[in-house]
Amino acid sequence: MRILLVEDDIMIGETVLDVLRAEHYAVDWVKRAGQADTALRTEQYDLVLLDLGLPDGDGLNVLRELRARQERLPVLIATARDAVEQRIAGLDAGADDYVVKPYDVDELLARIRALIRRSAGRAEPVYVHGDVSIQPATREVVVAGQPVTLTAREWAVLEPLLARPGMILSRAQLEEKLYSWKDDISSNAVEVYVHGLRKKLGNDLIQNVRGVGYLVPKTHPMA
């Protein structure tokens, strides 16, 4: 999953960046409202972690512009512990949730997982498809009752497909889940990770829609 981090405090930004990347999220970090607006207009993200106090403007304006374009992207706003009015203003402007600074890392990650889960139209914390189940909170994967180990990039391909059965994701869309701006993109990376997933999880779980992309079917063939 790909996250846009909007945070002007260098120390906080570096810490959050390390935390998110350790959880295998692809993260782009910007420090100004104008940069955030440009990124949101030109890139595809799964979630925005938005600080409201930015040096060139109010993060609320970034949020309002996003919602004015009818973008349904989940937005998690970050505020100081005593900034109750700011949190209310953010929620009323279209934020989905808030997290208080200084961050509790476990709470931050749990709120991110919950918002991504809801944006996929799911409430359950475990995704089950046939004899494959995945636990986003722990990155555990079980196939026919047996644990399976995935690489971080294999997980990054599998999770968005399994979260939305029946939805086709193009190679470009999956690449966006894998890489942030500074990463080098291999021309056949998605194909390599899909091949690895099929070897570990079975050939029928991820299907290729020729010329379009990949999907996990709504009904597992073995069900």
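This is a predicted model: local features need pLDDT of at least 70, side-chain atom pairs count only at pLDDT 80 or more; totals for chains, interfaces and linings use all residues.
View 1. Strand 10 itself spans residues 140-143.

View 2. Four strands make up an open sheet, ordered 8-9-10-11, with antiparallel pairing. Strand 8 (127-129) and strand 11 (146-148) sit at the edges, each pairing on one side only. On average, neighbouring strands in the sheet are turned by 25° against each other, ignoring direction. Helix 8 packs on this sheet and touches strand 9, strand 10 and strand 11. The direction of helix 8 makes about 50° with that of strand 10.

**View 3. Bridges from strand to strand.** How many bridges join strand 8 to strand 9? There are three, and these two strands run antiparallel. Look for Tyr-127, whose bridge partner in strand 9 is Ile-134. Strand 9 and strand 10 are also antiparallel, paired over four bridges. Three bridges then link strand 10 with strand 11, again in the antiparallel sense.

**View 4. Two hairpin turns.** Strand 9 and strand 10 form a hairpin in which four residues lie between the strands. In that turn, Arg-139 has a positive phi of about 65°. The hairpin of strand 10 and strand 11 has two residues between its strands, and there Ala-144 takes a positive phi near 50°.

**View 5. Charges over rings.** Arg-139 lies over the face of Tyr-25, at 5.5 Å from the ring centre. A second case involves Lys-31, whose charged end sits over the ring of Trp-29, 4.2 Å from the centre of that ring. And how many aromatic pairs are counted? The count, with ring centres required to lie within 6.5 Å, comes to zero.

**View 6. The largest nonpolar core.** This core holds 29 residues, and Leu-158 and Ile-206 have the most contacts inside it. At least two core residues come from each of strand 9 (132-135), strand 10 (140-143), helix 6 (152-163), helix 7 (171-178) and helix 8 (189-201). Helix 6 gives the most, with seven residues. In soluble globular proteins, nonpolar side chains tend to be buried together.

**View 7. Ile-206 and its neighbours.** Which residues does Ile-206 touch, leaving aside those up to four places away in sequence? The list includes Leu-158 and Leu-161, then Val-194, Leu-197 and Arg-198. Tyr-214, Leu-215 and Val-216 complete the set. Leu-158, met here as a contact of Ile-206, is also one of the two residues with the most contacts inside the core.

**View 8. Val-19 in helix 1.** Val-19 belongs to helix 1, which covers residues 10-22. Is Val-19 buried or exposed? Val-19 counts as buried because its relative accessible area is 18%, and buried means under 20%. Setting aside residues up to four places away in sequence, Val-19 touches Val-105 and Leu-109. Arg-72 is 53 residues from Val-19 along the chain, and the C-alpha atoms of the two are separated by 25 Å.

Notes
Residues are numbered from 1 along each chain as its sequence is written. Side-chain values use heavy atoms; hydrogens and water are left out. A nonpolar core is a set of buried Ala, Val, Leu, Ile, Met, Phe, Trp, Tyr and Cys residues joined through side-chain atoms within 4.5 Å. Buried means under 20% relative accessible area, exposed over 50%, partly exposed in between (1.4 Å probe, protein chains only). Contact means heavy atoms within 4.5 Å. Rings of Phe, Tyr and Trp (its six-membered ring) pair if their centres lie within 6.5 Å; planes under 30 degrees apart count as stacked, over 60 as edge-to-face and the rest as tilted. A charge sits over a ring if NZ of Lys or CZ of Arg is within 6 Å of the ring centre and within 35 degrees of the ring normal. Two strands pair if DSSP finds at least two bridges between them. Axes are lines fitted to C-alpha atoms, for helices over the stretch in contact, and angles run from 0 to 180 degrees between N-to-C directions.
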